[in-house]
Amino acid sequence: MTKTAERRPVTKAAHPVPVPPPVRDLRRRRLIDQVRAYGFLLGGLLCFALFSWYPAIRSVVIAFQKYTPGSEPEWVGTANFTRVWHDPEFSAAWRNTLTFTLLALLIGFAVPFVLALVLNELRHAKAFFRVVVYLPVMIPPVVSALLWKWFYDPGAGLANEALRFLHLPTSNWSNGADTALVSLVIVATWANMGGTVLIYLAALQSIPGELYEAAELDGANLLQRVRHVTVPQTRFVILMLMLLQIIATMQVFTEPFVITGGGPENATVTVLYLIYKYAFLYNDFGGACALSVMLLLLLGAFSAVYLRLTRSEGDA
């Protein structure tokens, strides 16, 4: 036997097993990450709080007060709502707003979708026509309304000049009680359809081409391909844009303010224009805020019901 046993060299592991940090350190790191993230968001949150959330909350408070600048507000309960409700312009404003929204859905919702289908089928100069379609969005709304006001002029306006050139009867356009609201719908559609067209175009280009090829092999024509392929594949985009358009058209203001001034004969007075009149013409901020709260509640209820119905259909 040997005096000493042969010693073997001790080898270290090439990759030592990492020891997990304590739970307290993990919580501290997560807290630091969250504080850092909210620090980056702080500027945006402050802007929203100062220019969006605070005015909204303040409007709800003023709706229950008798408020004029330079005087102490006085709580009056629902008196502002009652006074606004019995205003002769109240029913006209809501009727015009709802009619404008309906006409905008019939005209302004179909036209961008058709334009997107046409642009999607183009083989040349796609970029040029996209710029042309989107160009009205880049024009300031007031400038666009002033251009159309000149266009609708019953005397030397371009619209009636074109009708005279074609030997067709002229129209009063925005100066006629029967045609003023339709004229404003045309203006709003032209001014705002560019963004909608591009969204539709992006949705159309995301549809797999194999679906159209299969439909063509089955003998489907253009309308059948649109009905059975395009519409189902873009259904979610269509529903969301419809909701956004309804909310936007219910708040129409620039066109009646610049082009018609609410006339003729209150034919184009909308809810938002009536809010403007209460606040800056009648100096009645309580009534203006009461109208705003009514509009907010209506749009909120409609949005909740609309999203509920569309979600139920989607789940089915």
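Visitor: Which residue lies over the face of Tyr67?
Guide: Arg58 does, at 5.8 Å from the ring centre. Keep in mind that this is a predicted model.

Visitor: Which other rings go with Tyr67 in a cluster?
Guide: Ring pairs link Tyr67 with Phe253, Phe257, Tyr273, Tyr276, Phe280 and Phe285.

Visitor: How many aromatic pairs are there in the whole structure?
Guide: A search of the whole structure turns up 23. Take Phe113 and Tyr200: their ring centres are 5.2 Å apart and the planes stand at 85°, so this pair is edge-to-face.

Visitor: Why is that edge-to-face?
Guide: Planes over 60 degrees apart count as edge-to-face, and the planes of Phe113 and Tyr200 are at 85°. In general, a pair of aromatic rings is described by the distance of the centres and the angle of the planes.

Visitor: Where do Phe113 and Tyr200 sit in the chain?
Guide: Phe113 belongs to helix H4, residues 110-121, and Tyr200 to helix H8, residues 180-205. They are 87 residues apart, and the pair links distant parts of the chain.

Visitor: Are those two, Phe113 and Tyr200, buried or exposed?
Guide: Both Phe113 and Tyr200 are buried.

Visitor: New topic. How many residues are in the largest nonpolar core?
Guide: That core has 24 residues, and Trp94 and Leu291 have the most contacts inside it. Helices H2 (79-85), H3 (88-108), H13 (271-281) and H14 (285-315) each give two or more residues to this core.

Visitor: Which of them gives the most?
Guide: H14 does, with 8 residues.

Visitor: And what does Leu291 touch?
Guide: Leaving out residues up to four places away in sequence, Leu291 touches Val84, Phe90, Trp94, Leu274, Ile275 and Tyr278. Another core, of 17 residues, lies apart from that largest one; Phe113, Ala116, Leu201 and Ile207 are among its members. As background, nonpolar side chains tend to be buried together in soluble globular proteins.

Visitor: What about the chain as a whole? How many helices and strands?
Guide: The protein chain has 14 helices and 2 strands. Its radius of gyration is 30 Å, well over the 20 Å that the globule rule gives for 316 residues, so the chain is more spread out than a compact globule.

Visitor: What does the C-alpha trace span along its principal axes?
Guide: About 125 × 70 × 40 Å.

Visitor: How many of the residues count as buried, as a percentage?
Guide: Of the 316 residues, 33% count as buried. As for contacts between residues at least 6 apart in sequence, 65% join residues at least 24 apart.

Visitor: Now loops. Where is the cis peptide bond?
Guide: A cis peptide bond joins Gly263 and Pro264, with omega about -10°. Pro264 lies in the loop between helix H12 (254-260) and H13.

Visitor: What else is in the loop between H12 and H13?
Guide: Asn266 lies there. Its phi is near 60°, a positive value in a residue other than glycine. Asn266 counts as partly exposed, at 34% relative accessibility.

Visitor: Where is Ala125, and what is its phi?
Guide: Ala125 lies in the loop between H4 and helix H5 (126-138). Phi of Ala125 is near 55°, which is positive in a residue other than glycine. With a relative accessibility of 42%, Ala125 counts as partly exposed.

Visitor: And Asp284, buried or exposed?
Guide: Asp284 is buried, because its relative accessible area is 16% and the cut-off for buried is under 20%. Asp284 is placed in the loop between H13 and H14. Not counting residues up to four places away in sequence, Asp284 touches Arg83, Tyr278 and Ala279.

Visitor: Last one: which residues does Trp148 touch?
Guide: Trp148 touches Ile186, Val187, Trp190 and Ile259, not counting residues up to four places away in sequence. Trp148 is found in helix H6, residues 141-151, and counts as buried at 14% relative accessibility.

Terms used: Residues are numbered from 1 along each chain as its sequence is written. This is a predicted model: local features need pLDDT of at least 70, side-chain atom pairs count only at pLDDT 80 or more; totals for chains, interfaces and linings use all residues. Side-chain values use heavy atoms; hydrogens and water are left out. Rings of Phe, Tyr and Trp (its six-membered ring) pair if their centres lie within 6.5 Å; planes under 30 degrees apart count as stacked, over 60 as edge-to-face and the rest as tilted. Helices (H or I, at least four residues) and strands (E, at least two) are DSSP runs, numbered from the N terminus. Buried means under 20% relative accessible area, exposed over 50%, partly exposed in between (1.4 Å probe, protein chains only). A charge sits over a ring if NZ of Lys or CZ of Arg is within 6 Å of the ring centre and within 35 degrees of the ring normal. A nonpolar core is a set of buried Ala, Val, Leu, Ile, Met, Phe, Trp, Tyr and Cys residues joined through side-chain atoms within 4.5 Å. Contact means heavy atoms within 4.5 Å. The radius of gyration is taken over C-alpha atoms; the globule rule is 2.2 Å times the number of residues to the power 0.38.
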